[in-house]
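The tour goes from one selection to the next.

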Amino acid sequence: MKIGVIGTGTMGSGIAQVFIEKGYEVILNGISESEIKNGFNIIDKNLDRKVKKEKITLEDKEAILEKLNICVEIDELKECDIVVEAIVENMEVKKELFKKLDEVVKEDTILATNTSSLSITEIALSTKRPDKVIGMHFFNPAPVMKLVEIIEGVASSQETVDKVHELCNQISKDPVMVKEAPGFIVNRILVPMINEAIGILGDGIATKEEIDKAMKLGAGHPMGPLELSDLIGNDVVLFIMEVLHKEFGDDKYRPHTLLKKMVRGNLLGRKTKNGFYKY
Ligand code: 3HC
């Protein structure tokens, strides 16, 4: 089975890594030579870390990387059995990509999106195969987090759902089924919680360290909400809040002004080396 992954950011490269580590042949597609190099470097570094920790040998690393092919042309994905898209969270850009993909890939290829909150149904409508379009939502860091949310659009067929479910099992992920709805399960719960933590900080009620410590020690979270926001990307957190706010129309989803201010100031978290914390 050949897997296509589109997008060379943290999620795209993380997803590609998951598949090659399980022995799948992957074609990782990015928008430019420098972007695909960036994706390759993320995977290479992650595998190096595993070698250093003696989780894998250098030979294992080389064998894993053998499975990875990189390309900038969408046409090169034509032989893939499933393509997972992990590009920018912009509906128009995604629709354009899916339309193009639909023309390039085989008739029975499944087109999956890793979108964090956009409508699978709407993305599917840009193709002539809405039954084969589905959400496959991985979590950051993708090589570590066990969950994949499998999101059924209105037209996703049972056959597509079953195939993606089986594939998740093959890559040792533990999927949950979700019917399409804004934010699905995790982001609908997690992202408003992060927004609330930002509100507590913005209101001057506690410091960032105290907020994060409180949620780690008081609620058993592996990371505090502010350090997690920096990991996810504060722009992504804002985007998801905006989708929830727009779709539900409920004021409880209004993004906090501090979050908006930080995104305007390019304090996006780990990716800009500056967010709630400095990196
Ligand atoms: N990439 C790859 N591997 C990573 C990694 C990364 N970015 N960060 C950590 N790891 C690996 C480490 O190498 C280590 O591997 P090992 O067990 O084989 O040695 C393992 O993960 C544990 O890492 P650490 O010991 O360094 O640190 P922690 O035990 O604190 O774990 C964590 C790090 C897994 C990130 C943990 O803090 C955690 O689970 N945090 C919460 C993450 C979370 O909630 N993610 C979901 C975000 S929401 C989302 O992604 C949806 C999107 O739509 C917004």
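What follows is a walk through charged side chains, one stop at a time.

This is a predicted model, in which local features need pLDDT of at least 70 and side-chain atom pairs count only at pLDDT 80 or more, while totals for chains, interfaces and linings use all residues. Residues are numbered from 1 along each chain as its sequence is written, and side-chain values use heavy atoms, with hydrogens and water left out.

**Stop 1: a charged patch.** Select E59, D60, E62 and E66, which form a negative surface patch. Patches are made of residues with over 30% relative accessible area and no salt bridge, like charges being joined within 9 Å. Asp and Glu count as negative, and the place of a charge is taken as CG of Asp or CD of Glu. Accessible areas come from the Shrake-Rupley method with a 1.4 Å probe. Now pick out E59, which sits in helix 3 (residues 58-66); helices are DSSP runs (H or I, at least four residues), numbered from the N terminus. E59 is exposed at 56% relative accessible area, where exposed means over 50%, buried under 20% and partly exposed in between.

Stop 2: Side chains of opposite charge can pair when their charged atoms come close. A salt bridge here is a side-chain nitrogen of Lys or Arg within 4 Å of a carboxyl oxygen of Asp or Glu, and by this rule there are 16 salt bridges. Select K163 and E159, whose side chains meet in one of them at 3.4 Å, N to O. Both residues belong to helix 6 (residues 158-170) and are four residues apart, about one turn of the helix. K163 is partly exposed, with 40% relative accessible area, whereas E159 is exposed at 54%.

**Stop 3: a pair between two helices.** Move to E227 and K216, a salt bridge with its closest N and O atoms 3.1 Å apart. E227 lies in helix 9 (residues 225-232) and K216 in helix 8 (residues 208-219), so the pair ties together parts that are eleven residues apart in sequence.

**Stop 4: a pair farther along.** Select K271 and D235, which form a salt bridge of 2.9 Å, N to O. K271 lies in the segment after helix 11 (257-264) and D235 in helix 10 (residues 234-248), so the pair ties together parts that are 36 residues apart in sequence. D235 is partly exposed, with a relative accessible area of 25%.

**Stop 5: a network.** Finish by selecting D44, D48 and K61, which are linked in a network of salt bridges.

Definitions and conventions: Patches are made of residues with over 30% relative accessible area and no salt bridge: like charges are joined within 9 Å, nonpolar side chains (Val, Leu, Ile, Met, Phe, Trp, Tyr) within 5 Å. Buried means under 20% relative accessible area, exposed over 50%, partly exposed in between (1.4 Å probe, protein chains only).
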